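Here are my notes on the model you sent over.

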Amino acid sequence: MTGTTSESRLILPRYLREPAEKRTPVGFPDYRSTALRAPLRTPVDLPHRLTEVTGPVLGEDRVLPQDADLTLRNGGEAIGQRILVYGRVLDSDGRPVPDALVEVWQANAAGRYRHVADNWPAPLDPHFDGLGRVVTDSLGRYEFMTVKPGAYPWGNHHNAWRPAHIHFSLFGRAFTQRLVTQMYFPDDPLFGQDPIFNAIPPVARHRAVSRYSLERTQDNWALAFEWDIVLRGTDQTPFETDDDGDVA
Ligand SMILES: [Fe+2]
């Protein structure tokens, strides 16, 4: 071997952390079950090493077009108000995140989940399982066709009903960019008494509520609701540093 070799070094991106005051608390007294599952000590932020900053391999080819249409299951149509839910997945700089896996789950139009633990007296729908997934396109866009979920009682306190909502799970470009959240509908009369919604810091609550979209509402077919999702963290140009513990 002749000459010198320059030592190559793996350069990893890093992601901004959300300040503590902007985080939804893991324990919230009015949301009673958080008392059993919230940690008793302040969580410790772990350093972002290789596992945390490299992207998940999701197998996009496993996600089928019909996975984004929750209204057609088991050979028939779901009952309920048909809605298109759409938006973009953005990073904290407002840039679209392509190839993000977006998964949703929700109650049916009567407010019941197809789940062993959900047995309140509302009907199940044989043509609705409440599960969907889609991968964002090159502009970070996603959309689902579904039915509007009903409100449901959940036993947190007397006459406690959850506002209509759809659960979302997202994977961005790295495992640190996973987000699990809920999308709500505008002007829901149940917001005021829902501890889960009200556990969100007041300045951030509007970001959990979708917007009715007349422009995407489909004549004689479906209402539309738009909801953009901003993933925690920012996707910076790879850089070289050893000035902190964040980059392995
Ligand atoms: Fe729910």
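A word on burial before anything else: buried means under 20% relative accessible area, exposed means over 50%, and partly exposed is in between, using a 1.4 Å probe and protein chains only. Keep in mind that this is a predicted model, where local features need pLDDT of at least 70, side-chain atom pairs count only at pLDDT 80 or more, and totals for chains, interfaces and linings use all residues. Residues are numbered from 1 along each chain as its sequence is written, and side-chain values use heavy atoms, with hydrogens and water left out.

1. Start with the metal. Which residues donate to the iron ion? The protein donors are Tyr113 (OH), Tyr152 (OH), His165 (NE2) and His167 (NE2), at 1.9 to 2.2 Å from the iron. Donors here are N, O and S atoms within 2.8 Å of the metal (3.2 Å for Na, K and Ca); water is not among the atoms, so sites may look incomplete. Along the sequence, the donor residues follow the spacing Y-x38-Y-x12-H-x1-H.

2. The geometry of that site is irregular, because the 4 donor atoms subtend angles of 91 to 158 degrees around the iron ion. For reference, four donors count as tetrahedral if all angles lie between 85 and 135 degrees; four count as square planar and six as octahedral if opposite donors are over 155 degrees apart and all others between 65 and 115; anything else is irregular.

3. Next, the aromatics. The whole structure holds 12 aromatic pairs. Rings of Phe, Tyr and Trp (its six-membered ring) pair if their centres lie within 6.5 Å; planes under 30 degrees apart count as stacked, over 60 as edge-to-face and the rest as tilted. One of the pairs is Trp120 with Trp161, edge-to-face at 5.7 Å centre to centre and with 90 degrees between the planes. Trp120 sits in the loop between strand 4 (101-105) and strand 5 (131-135) and Trp161 in strand 8 (residues 161-162), so this pair ties together parts that are 41 residues apart in sequence. Helices (H or I, at least four residues) and strands (E, at least two) are DSSP runs, numbered from the N terminus. Trp161 counts as partly exposed, at 30% relative accessibility.

4. Phe191 and Phe197 give you a stacked pair, because their ring centres are 4.2 Å apart and their planes are at 10 degrees. Both of these phenylalanines are buried. Elsewhere, Tyr142, Phe144, Phe168 and Trp227 make up one aromatic cluster.

5. Two arginines are worth a look as well. The charged end of Arg82 sits over the ring of Trp221, 3.6 Å from its centre, and Arg162 lies over the face of Trp154, 5.8 Å from the ring centre. The test is that NZ of Lys or CZ of Arg is within 6 Å of the ring centre and within 35 degrees of the ring normal.

6. Arg162 turns up again with Gln182: a polar contact of 3.1 Å joins their side chains. A polar contact is a pair of N or O atoms within 3.5 Å; within protein, one must be able to donate a hydrogen and the other to accept it, and residues adjacent in sequence count only if both atoms are side-chain atoms. Gln182 belongs to strand 10 (residues 178-184), is buried with a relative accessible area of 15%, and also makes a side-chain contact with the side chain of Tyr184 (3.2 Å).

7. Now strand 6 (residues 141-147), where 5 of the 7 residues are buried. Strand 3 (residues 82-90) runs antiparallel to strand 6, with 7 bridges joining them; two strands pair if DSSP finds at least two bridges between them. Within this pairing, Tyr86 has Glu143 of strand 6 as its bridge partner.

8. Last, the loop between strand 11 (211-212) and strand 12 (223-226), which holds Ser213. Ser213 is buried, with a relative accessible area of 0%, and its side chain reaches the backbone nitrogen of Arg216 at 3.1 Å.
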